Amino acid sequence: MTRLRQLALIIGLGLLGSFITVMSVHFLLPIDPLSPEPLINHRLLFAIVFVVICGVLSIVNVLGRRESSQ
């Protein structure tokens, strides 16, 4: 059960971090009124940031459990 909670926490924090990053980039990019196409692919950015954040959180989680068991 604790493993499931840890997985849910990592995924939830990954989603939250990805959403915050994509919204920050979206609002900081200049808008071109003549071109309706976005300057970047937000789905790709979300996927990349989600994978990176989940990877980092997983590594930190494993290292934290190792340190607490010693």
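1. Phe50 is partly exposed, with a relative accessible area of 23%, where buried means under 20%, exposed over 50% and partly exposed in between (1.4 Å probe, protein chains only). Phe50 lies in helix H2 (residues 42-69); helices are DSSP runs (H or I, at least four residues), numbered from the N terminus. Its C-alpha atom is separated by 6.3 Å from that of Leu15, 35 residues apart along the chain.

2. The model is predicted: local features need pLDDT of at least 70, side-chain atom pairs count only at pLDDT 80 or more, and totals for chains, interfaces and linings use all residues. Residues are numbered from 1 along each chain as its sequence is written, and side-chain values use heavy atoms, with hydrogens and water left out.

3. Leu13 belongs to helix H1 and is partly exposed at 39% relative accessibility. Leu13 and Leu57 are 44 residues apart in sequence, and their C-alpha atoms are 8.4 Å apart in space.

4. Met23 also sits in helix H1 (residues 2-28) and is partly exposed, with a relative accessible area of 30%. Both Leu13 and Met23 contribute to a nonpolar surface patch of about 700 Å², together with Leu9, Leu16, Phe19, Ile20 and Phe27. Such a patch is made of residues with over 30% relative accessible area and no salt bridge, nonpolar side chains (Val, Leu, Ile, Met, Phe, Trp, Tyr) being joined within 5 Å and like charges within 9 Å. A salt bridge is a side-chain nitrogen of Lys or Arg within 4 Å of a carboxyl oxygen of Asp or Glu.

5. The largest pocket has a volume of about 180 Å³. A pocket is an open set of points on a 1 Å grid where a 1.4 Å probe fits, with protein on both sides within 12 Å along at least five of seven lines; lining residues have an atom within 4 Å of a point. The lining includes His26, Pro30, Asp32, Glu37 and Ile40.

6. Ile40 is in the loop between H1 and H2 and is partly exposed at 30% relative accessibility. The C-alpha atoms of Ile40 and Thr21 are separated by 13 Å.

How values were computed:
Areas by Shrake-Rupley, 256 points an atom, 1.4 Å probe, with all protein chains shown as cover. Helix = DSSP H or I, 4+ residues; strand = E, 2+ residues; numbered from the N terminus. Points joined across faces, edges and corners; volume = space filled by probe spheres on them.
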